[in-house]
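Colleague: I would like to learn how to read a protein model one feature at a time. Please give me the general idea, then the case at hand.

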Amino acid sequence: MTLPSERFELLSAYLDGEVTSQERQLVQEWIDHDPHLKQTYLNLLRLQRGIPHIPVSASISSTELSRRVLAQVKREDRSRRYWHWGGVVAATAVAAMVSWFSGGPSPFNSLWQTAQVESESEETLVIALNQPLFELPTTGH
């Protein structure tokens, strides 16, 4: 008994007319008695007959193809950025309008006050990387 891959190869060779008369008889017997193989044969036959009718676009150089692909990627990236920043601007405008019409404090005022407090502060931030500034207590477990 032959493996399915060997049967498929022999079936493909049968379709291409590249089999001996003994192999042709064997494949014809398979087609007559195996419905699954017969369906595969019909699908391959349909594919083989349809290939010449597939439209082929005009060929372009790999350089031109690369240029077109990269240009499309840039257009899509630019479009995504516009949507992102447009959303940010729209959300900011909505927040400002809501606070304006509600009579409440503007979110921009609180940001401005925070920035002023931070800029007027003279405190220095010290970060100890390798040694702590003070001894940390340890617990004996």
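Colleague: Which residue forms a salt bridge with Arg68, and how far apart are the closest N and O atoms?

Modeller: Side chains of opposite charge can pair when their charged atoms come close. A salt bridge here is a side-chain nitrogen of Lys or Arg within 4 Å of a carboxyl oxygen of Asp or Glu. In this predicted model, Arg68 forms one with Glu64, and their closest N and O atoms are 3.1 Å apart. Both residues lie in helix 4, 4 residues apart, about one turn of the helix.

Colleague: What do the helix numbers mean, and what ground rules apply to the model?

Modeller: Helices (H or I, at least four residues) and strands (E, at least two) are DSSP runs, numbered from the N terminus. Residues are numbered from 1 along each chain as its sequence is written, and side-chain values use heavy atoms, with hydrogens and water left out. Because the model is predicted, local features need pLDDT of at least 70 and side-chain atom pairs count only at pLDDT 80 or more, while totals for chains, interfaces and linings use all residues.

Colleague: Which other residue is linked with Glu64 and Arg68 in a network of salt bridges?

Modeller: Arg67 belongs to that network with Glu64 and Arg68. The closest N and O atoms of Glu64 and Arg67 are 2.6 Å apart. These two residues are 3 apart in helix 4, so about one helical turn separates them.

Colleague: How is the accessibility of Glu64 described?

Modeller: Buried means under 20% relative accessible area, exposed over 50%, and partly exposed in between (1.4 Å probe, protein chains only). Glu64 is partly exposed, with a relative accessible area of 24%. Arg67 is partly exposed at 49%, and Arg68 is partly exposed at 44%.

Colleague: How many salt bridges does the rule give?

Modeller: The count comes to 3. One of them joins Asp34 and Arg7, with the closest N and O atoms 3.4 Å apart. Asp34 lies in the loop between helix 2 (21-33) and helix 3, and Arg7 lies in helix 1, so the pair ties together parts that are 27 residues apart in sequence. Asp34 is partly exposed, with a relative accessible area of 23%, whereas Arg7 counts as buried at 13%.

Colleague: What is the overall make-up of the protein in helices and strands?

Modeller: The protein has 5 helices and 0 strands. Read from the N terminus, its elements run α-α-α-α-α. Buried residues make up 11% of its 141 residues.

Colleague: At what angle do helix 1 and helix 3 pack?

Modeller: Two packed helices are described by the angle between their axes and the distance between the axes. Axes are lines fitted to C-alpha atoms, for helices over the stretch in contact, and angles run from 0 to 180 degrees between N-to-C directions. Helix 1 (residues 4-16) and helix 3 pack at about 45°, with their axes 11 Å apart. Angles under 35 degrees count as roughly parallel, over 145 as roughly antiparallel, 65 to 115 as roughly perpendicular and the rest as oblique. Helix 1 and helix 3 are therefore oblique to each other.

Colleague: Are helix 1 and helix 2 roughly parallel or roughly perpendicular to each other?

Modeller: Their axes come within 10 Å and cross at roughly 110°. Helix 1 and helix 2 are therefore roughly perpendicular to each other.

Colleague: Which crossing is left-handed?

Modeller: A crossing is left-handed if the near helix is turned anticlockwise from the far one by less than a right angle, and right-handed if clockwise. The crossing of helix 1 and helix 2 is left-handed, while that of helix 1 and helix 3 is right-handed.

Colleague: Where does Leu10 lie, and is Leu10 buried or exposed?

Modeller: Leu10 lies in helix 1 and counts as buried, at 16% relative accessibility. The C-alpha atoms of Leu10 and Leu26 are separated by 9.4 Å, and these residues are 16 apart along the chain.
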